[in-house]
Amino acid sequence: MDTKDMKEIESAIEGILFASGEPVHAERICVALELDRSTVEQLLQKLMDYYAYERRGIRLLHIEDTWQLCSSPDYADAIRKAFEIRKPAKLSQPALEVLTIIAYYQPTTRAYVDQIRGVDSSYTIGLLLDRKLIEECGRLQVPGRPRLYRTTRQFLRAFHLTSLDDLPEMPDLAGDGQLRLGDDGMLVDPGTNFLEDTVKEND
């Protein structure tokens, strides 16, 4: 396949991603362009690197097994002004705490989150559900059948993760088998407080 053909295919992939407006599975692109997955993923990675290196106004995100075009966070303020979009409220410390617990121990119940935090988390879980950062994913097969929660693709997108494998190492466990919380109420991570630092970077 010569350079001209590859350029045509790149443009076709770009058109598919733009027209979708939603995450697109690589397999769908393979079928549409009659190409093998390896070639398609190589071209997608090339596009993603190009947008990032050239500091374009759009970015290509790789989320689990899907790809999506979105606006660059560098120009978020200008985009909000253009469309009069109100900046979403920042996540509170309790919300970050609950989100961190669910991210590392999903799927998990509200009762487990409450046990770790030592306070009722129902209100905070409701806020995270509204923000589409977590979702219900069934019920635990025990008496009462409590709801199970997990993080969403929106969570991955918000924290610039390709998959949950990109989360840093599991926070330390205290001697009693429970997660150890720092003075700020966040799970202790020997490296960095990942979710909190990511929020600060994107303010």
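Mentor: Accessible areas come from the Shrake-Rupley method with a 1.4 Å probe, and for residues only the protein chains shown count as cover. On that basis the protein chain exposes about 12400 Å², of which carbon and sulfur atoms supply 50%. This is a predicted model, in which local features need pLDDT of at least 70 and side-chain atom pairs count only at pLDDT 80 or more, while totals for chains, interfaces and linings use all residues. Residues are numbered from 1 along each chain as its sequence is written, and side-chain values use heavy atoms, with hydrogens and water left out.

Of the 203 residues in the protein chain, 36% are buried, where buried means under 20% relative accessible area, exposed means over 50%, and partly exposed lies in between.

Turning to the rings, those of Phe, Tyr and Trp (its six-membered ring) pair if their centres lie within 6.5 Å, and the planes count as stacked under 30 degrees apart, edge-to-face over 60 and tilted for the rest. By this rule there are three aromatic pairs. One of them joins tyrosine 50 and tyrosine 51, whose ring centres are 5.6 Å apart with planes at 55 degrees, so the pair is tilted. Tyrosine 50 is partly exposed at a relative accessible area of 40%, whereas tyrosine 51 is buried at 2%. The rings of phenylalanine 155 and phenylalanine 159 also make a tilted pair, because their centres are 5.1 Å apart and their planes stand at 50 degrees; here phenylalanine 155 and phenylalanine 159 are both buried.

Technical notes
Buried means under 20% relative accessible area, exposed over 50%, partly exposed in between (1.4 Å probe, protein chains only).
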